[in-house]
Amino acid sequence: MGGYILKRLISAVPVLLGITVIVFAIMALIPGDPATAILGSYATPENVAKLNRDLGLDQPAVTRYFIWLGNMLQGDFGRSFALNRPVLDEVVERFNATLILAGTAFVLCSLLGILAGVVSAARQYGWADKAITFAVLLGISIPSFFLGMMMILIFAVNLRWLPVSGMYAIYGGGDFPDLLRHLTMPALALAVVATGVIARLSRSAMLEVLRQDFIRTARAKGVPERRVIWGHALRAAMVSIIPVLGIQAGFVLSGAVYIEIVFQWPGVGRMLVDAILKRDILLVQGGVVFVAACYVMFNIVVDVAQSLLDPRIKT
Amino acid sequence: MTRFLKLLIRNRLAALGGAVILAVVVLALITPLLPLQAPNVTNTADRFIRPFSPGHLLGTDHLGRDLLSRLLWGTRLSLAVGASAAVIAAVIGAAVGIVAGYFGGRIDNVIMRLVDMLMAFPYILLALAIVAALGPGLMNALIAVAAVNVPFFARNIRGITVGIAGREFVDAARLAGMGHGRIILFEILPNVVPVIVIAMSTTIGWMILETAGLSFLGLGSQPPQADLGSMLGEARAALIAAPHTSVVPGAMILAIVMGINLLGDGVRDALDPRLRSGALTRPMPATSVRRETVPAPQGGGVLQLADLETRFEIGPRIYRAVNKVSLEVAPGECLGIIGESGSGKSVTALSIMGLVASPPGVITGGAAYYRGDDLIGAPYRRLRSLRGDRIAYIFQDPQATLHPLYRVGDQLAEAIRVHHSISRAEAEDRAIDLLTAVRIPNAESRARAYPHELSGGMRQRVGIAMAMANDPDIIIADEPTTALDVTVQAQILSLLDDLRRERGLAIIFITHDFGVVAQLCDRVAVMYAGRIVEEGPTGTVLDAPAHPYTRRLIACVPELGQGRRRLEAIPGLPPAVDRLPAGCAFAPRCDKARDACTAGDIALERAGARAVRCLFPEETLT
């Protein structure tokens, strides 16, 4: 098992390098002169040239890439000119908030999605199946940012059950119940789409498994139906559900950008959108690389979980 | 194609989705012709007018612009941008995928590595990076959305292309001297286009959503031009004061995406052959039963079937898989049921314990008496308590019939624990005893193995051990040796025979091999097209078969020491059981058939221990 984890970690290295190359290449497309963008249109040519030298922008692209990569490996992601602080500090701080939001949503959508999918498959064409299928269809069709806005309107403005936005109350907040109250709506809004997708996939994976011969064997042994469904069938279906969970984690992370905007959540997605609008390129670059790297690592965890579940995978 | 359209229209939800999309597209197309107010003319005196006000059907927004007009123009823009993104992504993705799939080798390797790399991003990060580089704007958002979806198309199309590139007609084209370009254009592309179109139609809703999302973030369309996403983004500031300005564009996005999803699901279902044949339905815990009369028990025996009838109902077709089958088996007796595949022998066996997949299987008549109790239509709890405890099954392919993810010892222990409340440790000990009893060496370590770590013969022994777990009265073995080689087969048969003698088990042994029947069974019943055509003690049936079908079936078995006898295959095929002819089902393949054979129903004539269903039997039974 240790060897397998090591192997997967090593295989992630080229992917991580590829990500930095892609991000760097995209950023190199930027039209115009970053120094001019930073200094504004009233800058003198001397100042622009000096800043270009200071930023190393007079070097060829390949050299710049390796300087950038080398600095990142030493934990130096550069400085955000708009915030005037190290990119990495800002990204890590913001990513924590995103992790709380996206992590909660991910747990929610995994549990609810699998539950709904299994119930739906076990009651195929029954009323529960039809109700779930309809709810799933609605869930995967509604834009999460629209759903979030409607939730604010209903639960925060009209019913006054939950706070409108933010992560903590400005006055007297900061404890765990306060966080929970602020987290409920954004986490639910973020989980809805992924729940639908996971439910759909779990349903078809379960239906596929329930036709298999070993399910008939379990029934012929006299295994109670509840255990056939939640034990034998779900266990086998998890083999195809877990990779989907890994993919959906990426979609939850993506959806977090919208939800963070709608609910004023101080996460990395909102940071990226702000940085783009302010053309704070180093912050965008650093943020994208950091989040993508975390996602790659998360997928290794998914692969390891998969290998623990399925003894047929050679570890 | 017409069949496909019919299926699509029969799916009411898909038709509804299609209607919604059609209506939205038509509205978007005729928007410039409609008598609408100008979408971008501001009038701050009339801001936030509520819907259904005179002059403004959907009200106005924060700048006093007519919402209906802005909605329709915004929809037009969103549809156009989403569709263009889909087309661009599909064309580029398909080109990349075809090149990778067609050329293979190093080109394929490099391209697919890159695709994997791009797919390692959460899609929005890539889109944000592209927008960050190009700057906010609708065109740039379109490019970003198209770009992040290229890998998806490339990967799908590559998979299809690899399949096509290996086919004969491509080889033929190559041998005919066609260049790569022409082969791709004239041989590959026509076969890939349907897949591209389907993938595009299922992702177009997604693209509309993504471009709307970027616009919502303020990174897409810039004021005063507005698509649905930026309308929603601008309305967010006034969410509390004037919710209708948010609801109007939001509901439109929802309607469009839901319509596309409904239609897409319908298309997928209509194209899926498995769904069409009902193969994706889930078998219920017990076969459904729908019978009018219950025949009374007749003879003795620990298990007795009386006029059992099982059908498969698939759409308008009815397959009579088991057609009034009556059998009985006594304790310590081995009854063989023999027939070609499709003769109904397995379905007969599975019907007894309600294990026929249902839907589509239905038991429509007859009874199965176990010690005088009818099992057909017995409540699920009763069936479950007997399954594996009193009546156990051994199935054909142990690779597929054991759970792949549980250790075999645990599967055995479970078989015991679902019927007896004993501790886990006790059950595990018993499992090891069972494995020893079926002569598995190193039973203790084998109990910890997974099925894929055992050989086929070992797995079948595990299957037998599982059937023996609760010391049942009856074992129903459904071709337990068919998948095994001859030596292992002989070992398994002698094992079953020993168990029967030691424990007084009744065995129903299903096979298509008369050699196996001769070795193991006391009596044999021959099935053809869902009916029993001959029955009797194994020795006499083998020596003097009465039904022409039995005679031909026996002639198919090569005998050791008999020299080189010609294998007499039976000409023709067994009939499909959804269109059975009147009278004898074997008549079309029988060389003795006369008109009378197909005139009407032929009864199973009994004489002593034997019975035959034939007007002109090979032997006169006495």
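User: Which residues do ring pairs link into a cluster with A:Phe24?

Analyst: Keep in mind that this is a predicted model. Ring pairs join A:Phe24 with A:Tyr65, A:Phe66 and A:Trp68 in a cluster. Across all chains, the structure has 18 aromatic pairs.

User: Why is the pair A:Phe24 and A:Trp68 called tilted?

Analyst: Ring centres have to lie within 6.5 Å to pair, and here they are 5.7 Å apart. Planes under 30 degrees apart would be stacked and those over 60 edge-to-face; these planes are at 35°, so the pair is tilted.

User: What makes A:Phe95 and A:Phe290 an edge-to-face pair?

Analyst: The label needs an angle over 60 degrees, and the planes of A:Phe95 and A:Phe290 make 85°, with 5.4 Å centre to centre. This pair also links distant parts of the chain: A:Phe95 belongs to helix H5 of chain A and A:Phe290 to helix H12 of chain A, 195 residues apart. Both of these Phe residues are buried.

User: How do you know that the charged end of A:Arg216 sits over the ring of B:Phe395?

Analyst: The distance limit is 6 Å from the ring centre, and the charged end of A:Arg216 is 4.1 Å from the centre of the B:Phe395 ring. There's also an angle limit of 35 degrees from the ring normal. Within chain B, B:Arg594 lies over the face of B:Phe616, also at 4.1 Å from the ring centre.

User: Why does B:Thr364 count as buried?

Analyst: Buried means under 20% relative accessible area. B:Thr364 comes in at 14%, so it counts as buried. B:Thr364 sits in strand E5 of chain B, and its contacts beyond four places in sequence are B:Arg290, B:Arg291, B:Glu309 and B:Arg311.

User: How many residues are in the largest nonpolar core, and which have the most contacts inside it?

Analyst: That core has 172 residues, and B:Phe121, B:Ile188, B:Leu214, B:Phe216, B:Leu217 and B:Ile256 have the most contacts inside it. Helix H10 of chain A contributes the most, with 20 residues. Leaving out residues up to four places away in sequence, B:Leu217 touches residues of chain A including A:Val257, A:Tyr258 and A:Leu277. Apart from this core lies another, of 62 residues, with B:Cys334 and B:Ile570 among them.

Note on methods. Residues are numbered from 1 along each chain as its sequence is written. Chains are lettered from A and ligands numbered from 1 in the order in which they are written. This is a predicted model: local features need pLDDT of at least 70, side-chain atom pairs count only at pLDDT 80 or more; totals for chains, interfaces and linings use all residues. Side-chain values use heavy atoms; hydrogens and water are left out. Rings of Phe, Tyr and Trp (its six-membered ring) pair if their centres lie within 6.5 Å; planes under 30 degrees apart count as stacked, over 60 as edge-to-face and the rest as tilted. Helices (H or I, at least four residues) and strands (E, at least two) are DSSP runs, numbered from the N terminus. Buried means under 20% relative accessible area, exposed over 50%, partly exposed in between (1.4 Å probe, protein chains only). Contact means heavy atoms within 4.5 Å. A nonpolar core is a set of buried Ala, Val, Leu, Ile, Met, Phe, Trp, Tyr and Cys residues joined through side-chain atoms within 4.5 Å.
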